[in-house]
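This report describes selected features of one protein chain.

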Amino acid sequence: CGKTTSQPVLGSTCSLDYSDLDTRPAPLQRETMNLWVFECPHCGYVSHNIETELELSPDFLKTDEYLTCDNMEFKSELSKKFYRQYLIGNEKKDYETAFFALLHCTWACDDAEDELAVKIRKMALKPLPKIDMNKDLMLIKADLLRRDCQFDELIRQFSDVSLSDELYDKIIKFQLELARKKDVTCYTVGDVLNE
């Protein structure tokens with residue numbers, strides 16, 4: 001909107017433990033999530049960098065879809081910000097931004113003990129076919145499938161996958177074992193290494 005606003009920025013952080021299997025960082029880095037997305041208090045534009053131009057009609061920010069987060073009643077403001085970032089990314093057909101905004105929204109929902117995390121995980125799987133997959137995204141996809149109770153689909157897609165990386169292959173094997181047990185619990189890379 002061209003107006004100015006003061007926003008906090010992250011100088012540095014560290015992580016003292018293992019990330020979750022969906023790459024969610026461990027504390028202390030996890031506690032910086034509120035600095036990963038910013039919202040303009042004047043127009044409601046949400047982005048990881050609100051200095052970048054919207055590239056959409058400003059009218060989109062006034063739609064019911066945007067203002068109500070598709071009528072979802074999130075328990076945290078951070079979840080709403082990430083969801084709005086997803087809506088902007090999806091509208092722009094920037095599927096990578098849309099995907100990561102949904103992924104981060106699930107993490108914010110998890111922190112707020114918000115049951116919408118399950119619905120958002122399912123939504124996060126939709127933009128993945130439109131993104132160039134790399135090893136990290138493969139790991140995230142496996143975890144999303146498992147935590148969304150898509151056990152058979154996880155087993156079907158990943159049984160013969162080799163990512164040519166010892167740790168990544170161990171994580172996939174671990175995910176497959178969890179899927180066979182129908183386990184939807186959150187696990188960390190440390191759980192894989194200590195198995």
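## Helix packing

In what follows, axes are lines fitted to C-alpha atoms, for helices over the stretch in contact, and angles run from 0 to 180 degrees between N-to-C directions. Helices (H or I, at least four residues) and strands (E, at least two) are DSSP runs, numbered from the N terminus. The model is a predicted one, in which local features need pLDDT of at least 70, side-chain atom pairs count only at pLDDT 80 or more, and totals for chains, interfaces and linings use all residues. Residues are numbered from 1 along each chain as its sequence is written, and side-chain values use heavy atoms, with hydrogens and water left out.

Two packed helices are described by the angle between their axes and the distance between the axes. For helix H5 (residues 135-147) and helix H6 (residues 151-158), the angle is about 150° and the axes lie 7 Å apart. H5 and H6 are therefore roughly antiparallel to each other; angles under 35 degrees count as roughly parallel, over 145 as roughly antiparallel, 65 to 115 as roughly perpendicular and the rest as oblique. The crossing of this pair, H5 and H6, is left-handed, a term used if the near helix is turned anticlockwise from the far one by less than a right angle, and right-handed if clockwise.

## The H5 and H6 contact

Contact here means heavy atoms within 4.5 Å. On the H5 side the residues involved are Met138, Lys141, Ala142, Leu145 and Arg146, and they meet Phe151, Glu153, Leu154, Gln157 and Phe158 of H6. Sorted by class, the contact of H5 with H6 comprises 6 nonpolar, 1 polar and 3 charged residues. In this scheme Ala, Val, Leu, Ile, Met, Phe, Trp, Tyr, Cys and Pro count as nonpolar, Asp, Glu, Lys and Arg as charged, and the others, Gly among them, as polar.

Lysine 141 belongs to helix H5. With neighbours within four places in sequence left aside, lysine 141 is in contact with Leu125, Leu128, Met133, Gln157 and Phe158. The C-alpha atoms of lysine 141 and lysine 182 are separated by 16 Å, and these two residues are 41 residues apart along the chain.

## Salt bridges

Side chains of opposite charge can pair when their charged atoms come close. A salt bridge is counted where a side-chain nitrogen of Lys or Arg is within 4 Å of a carboxyl oxygen of Asp or Glu. The whole structure contains 12 salt bridges. One of them joins aspartate 111 to arginine 24, with the closest N and O atoms 2.0 Å apart. This pair links distant parts of the chain: aspartate 111 is in helix H3 (residues 95-111), while arginine 24 is in the segment before strand S1 (38-39), 87 residues away. Aspartate 111 is partly exposed at 45% relative accessible area, whereas arginine 24 is buried at 5%; buried means under 20% relative accessible area, exposed over 50%, and partly exposed in between (1.4 Å probe, protein chains only).

A salt bridge also connects glutamate 39 with arginine 84, at 3.6 Å from N to O. Glutamate 39 lies in strand S1 and arginine 84 in helix H2 (residues 77-91), so this pair ties together parts that are 45 residues apart in sequence. Glutamate 39 is partly exposed, with a relative accessible area of 24%, and arginine 84 is buried, with 10%. Glutamate 166 and lysine 170 form another salt bridge, the closest N and O atoms being 3.9 Å apart. These two residues are separated by about one helical turn because they are 4 residues apart in helix H7 (residues 166-180). Glutamate 166 is exposed at 62% relative accessibility, and lysine 170 is partly exposed at 40%. Through shared partners, salt bridges join Asp20, Arg24, Arg30 and Asp111 into one network.

## Surroundings of arginine 24

Which residues does arginine 24 contact, leaving aside its neighbours within four places in sequence? They are Ser19, Arg30, Trp107, Asp110 and Asp111. The C-alpha atoms of arginine 24 and threonine 106 are 9.8 Å apart, although 82 residues separate the two along the chain.

## Positive phi values

Most residues other than glycine have a negative phi, and most peptide bonds are trans. Asparagine 71 has a positive phi, near 60°. Asparagine 71 is in the loop between helix H1 (64-67) and H2 and is exposed, with a relative accessible area of 65%.

Lysine 182, which is not a glycine, likewise has a positive phi, of about 55°. Lysine 182 is found in the loop between H7 and helix H8 (189-193), and counts as exposed at 53% relative accessibility.
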